[in-house]
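Morning, everyone. Please have a look at the structure on the screen, and I'll walk you through a few spots.

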Amino acid sequence: MRLVEVEPLEALEHFIADAGSRKEACKALKITPAYLSDLLNGRRDFSERMLQSLGLKQIVVKHG
């Protein structure tokens, strides 16, 4: 299995584009427009549930 680094913000922007609008993306992700705005503007971190909804998984690598 090959791991590929994907930025959550980029994945969210693609999800919105595929959904056709922010409103439709909110419906599909079951989040409020305010929460979506906070994610897009860096005011909130992506939760584990949100990452899963975008098909992502957080992996932490410790160096040293």
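Some ground rules. This is a predicted model, where local features need pLDDT of at least 70 and side-chain atom pairs count only at pLDDT 80 or more, while totals for chains, interfaces and linings use all residues. Residues are numbered from 1 along each chain as its sequence is written, and side-chain values use heavy atoms, with hydrogens and water left out.

Let's start with salt bridges. Side chains of opposite charge can pair when their charged atoms come close. Here a salt bridge means a side-chain nitrogen of Lys or Arg within 4 Å of a carboxyl oxygen of Asp or Glu. How many salt bridges does that rule give? The count is two.

Take Lys 27 and Glu 24. Their side chains form a salt bridge, at 3.6 Å from N to O. Both residues sit in helix α2, residues 22–29. They are three residues apart, about one turn of the helix. A helix here is a DSSP run of H or I, at least four residues, numbered from the N terminus.

Now, buried or exposed? Buried means under 20% relative accessible area, exposed means over 50%, and partly exposed is in between, with a 1.4 Å probe and protein chains only. Lys 27 has 52% relative accessibility, so it counts as exposed. Glu 24 has 35%, so it is partly exposed.

Next pair: Asp 38 and Arg 43. Their side chains meet in a salt bridge at 2.8 Å, N to O. Arg 43 is at 51% relative accessibility, so it counts as exposed.

Which residues gather in a patch of negative charge on the surface? They are Glu 5, Glu 7, Glu 10 and Glu 13. Patch residues have over 30% relative accessible area and no salt bridge; like charges are joined within 9 Å, and nonpolar side chains (Val, Leu, Ile, Met, Phe, Trp, Tyr) within 5 Å. Glu 13 belongs to helix α1, residues 8–19. Its relative accessible area is 43%, so Glu 13 is partly exposed.

On to Val 6. It lies in the segment before α1. What does Val 6 touch, leaving out residues up to four places away in sequence? Ala 11 and Leu 56. Contact means heavy atoms within 4.5 Å. Val 6 and Gln 58 are 52 residues apart in sequence, and 9.8 Å apart in space, C-alpha to C-alpha.

Last stop, Lys 30. This residue is in the loop between α2 and α3 (33–40). Lys 30 has a relative accessible area of 71%, so it is exposed.

How values were computed: Accessible areas come from the Shrake-Rupley method with a 1.4 Å probe; for residues, only the protein chains shown count as cover. Lys and Arg count as positive and Asp and Glu as negative; His and the chain ends are not counted. The place of a charge is taken as NZ of Lys, CZ of Arg, CG of Asp or CD of Glu. Helices (H or I, at least four residues) and strands (E, at least two) are DSSP runs, numbered from the N terminus.
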